[in-house]
Amino acid sequence: MNINFYNIEEAQLLSYHFFVAQVNNNNLKELNGYKIRNILSLVFNSKIKDFILEDLFNENGSFLSSDTKQELFRYLSLDERNDLKIYLSNYLDYQIDSKWYNSLTEFLNKKSINTIVISTQILNHDLIFDLLKTLFPKKKFVDWLSFNEKSNSLVLDYNHAWKKQNIFTINEFSSYAYFLKHFFENTYLWKAYNDDRHLFNRMNTQTRELLIGKEVISEIKEKLTSFRPQKSLNEWDILHESEHKNSFNPQEEIIIHFNSTNSYRYRFSSSFLLEKDKKFYIKSAKELMINTDSLEGKFLFSNLENIITQIDLSKLNKAIEKDESIFQIIQPLWEKFNLNEHDGRLWKQLLQSKAKEYGVENVFNEIESVSGIKQFVSLNTFENAYCNPENNTIIPREKKVFKAICKYLGLPLEYRAAMHRERNLIGGHSQELHSKLKELIKAIVEYGILDKHINDDALLDILTFSIDKIEKRVDMDFFGFTKDSLNYACIQICYEIIEKMKLKPIHKIEHIVPN
């Protein structure tokens, strides 16, 4: 397959870079993932742009997963969401004004191509699909699932991961691919380089060295090194790569039979709470498959993710509040700063005062400097959301930014802890919360604390010896923990686990690997 890339000038990508920075700062990786890039690649006019933006920034939209929408609408203020939308909209205007669409139409006509491969999401969006059919009359649109690689086609949906067929497996010269350079070229180059590198590593053996000669092997290695992309992949690129593979390929699963006729099916990424002789263990699905004979007929199990989703967060929060030290430190702050708690959040009132005294831009620059994060929000959002006590944002999404704000304002650690707890616990269940709870539960189980769940005294006794080790393993900032409140939280988590787990015997374990 012939791969082509269209270049939009770097000066026109500034808004896109701002958008990506905000996406990364707020842990909204899906908004810049391959799926969304493929969707954005099809913005050829303002009508398509408006439909796509409406879907992306709508709680009922179809393009984003429920987890991303929860992050977007739970943790970001309206002003922060508007920032993202404006940055993306400004970039898309440049894309529309470029010759991207003209280049595609000329390419289609020159190569006499009648079939265009686009994303499934756009194919299923009637309004956008109708506009595409108007822009590319008499062309047939398909997605990868319905794509016939022997047809004369133009691929606009980047895919290098689907095992059945992708841009690297199609050898037909009658098909072409055309992508936006800033979206996919570096990804493509790294994929091609890594494939060649893996092939070289397989052939680089003593036997082949004897057969074809050491000089030839060295020459191939030097040539391969010259192909290494100059622009490196960052942590976000690696995450996007993983998401890309998972979106196309069926995932491994595990089936646990709890009797001869009944079973449960789980993702291979799942974890399980096991019990034997009143002792508890946590094992991943992968660990279960290592030695199934040692588990079948001997252990009871419960899915850990199911337990976590049922934890009563109000009870957990009440347990944490048994440590009154935070309240005793925070309450006098209102008097210290001569502010009224009915006028809005303390940090916002203080930030507003600083902005009035030194100017919004100067305060913004100070927070940037202390946090080490450039353009964490726009200056407009900083003024309207962060320096506005009437705005409903609890705290910034990025922990480093709020830590910097508290340091700048002279607010103690206990205040920051209380604000983190308000946002992360009182707000309800979320994917991030589940991940943090999972780490806490793992520590509780691994240090044998759950084994002593008979009463508070027994739990406190063992926690005395384990609390320092647990503290090192959990995100204290996220939960707003002090060491004392961590003790109370561990005790409550133990009771929640015992109440919510529904232990069943492990009769048989199966590993399902898709073809």
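The legends below describe close-up views of a predicted model. Residues are numbered from 1 along each chain as its sequence is written, and side-chain values use heavy atoms, with hydrogens and water left out. In this predicted model, local features need pLDDT of at least 70 and side-chain atom pairs count only at pLDDT 80 or more, while totals for chains, interfaces and linings use all residues.

**View 1. Strand β8 and its two antiparallel partners, β9 and β10.** Helices (H or I, at least four residues) and strands (E, at least two) are DSSP runs, numbered from the N terminus, and two strands pair if DSSP finds at least two bridges between them. Strand β8 (residues 271-276) has five of its six residues buried, so it is largely enclosed by the rest of the structure; buried means under 20% relative accessible area, exposed over 50%, and partly exposed in between, with a 1.4 Å probe and protein chains only. Six bridges connect β8 with β9 (residues 279-284), and four connect β8 with β10 (residues 300-303). Phe-272 stands opposite Lys-283 in β9 and has Asn-303 as its bridge partner in β10. Two residues lie between the strands of the β8 and β9 hairpin, where Asp-277 takes a positive phi near 55 degrees.

**View 2. The open sheet with the order β7-β6-β12.** The pairing in this sheet of three strands is antiparallel. Since β7 (263-267) and β12 (508-512) stand at the edges, each with a single partner strand, one side of each is left without a neighbour in the sheet. Strand β6 (residues 253-257) pairs with β7 over five bridges, and Ile-254 has Tyr-266 as its bridge partner in β7.

**View 3. Helix α22 (residues 431-446) and the glycine that follows.** At 1.5 Å a residue, the 16 residues of α22 should span 22 Å, which agrees with the 23 Å between its end C-alpha atoms; the expected span is 1.5 Å times one less than the number of residues. Among the buried residues of α22 are Leu-433, Leu-437, Leu-440, Ile-441 and Ile-444. An α-helix has 3.6 residues a turn, so residues three or four places apart point the same way. Gly-448, which follows α22, has a positive phi near 75 degrees.

**View 4. Ile-212 in helix α10 (residues 206-212).** At 39% relative accessibility, Ile-212 counts as partly exposed.
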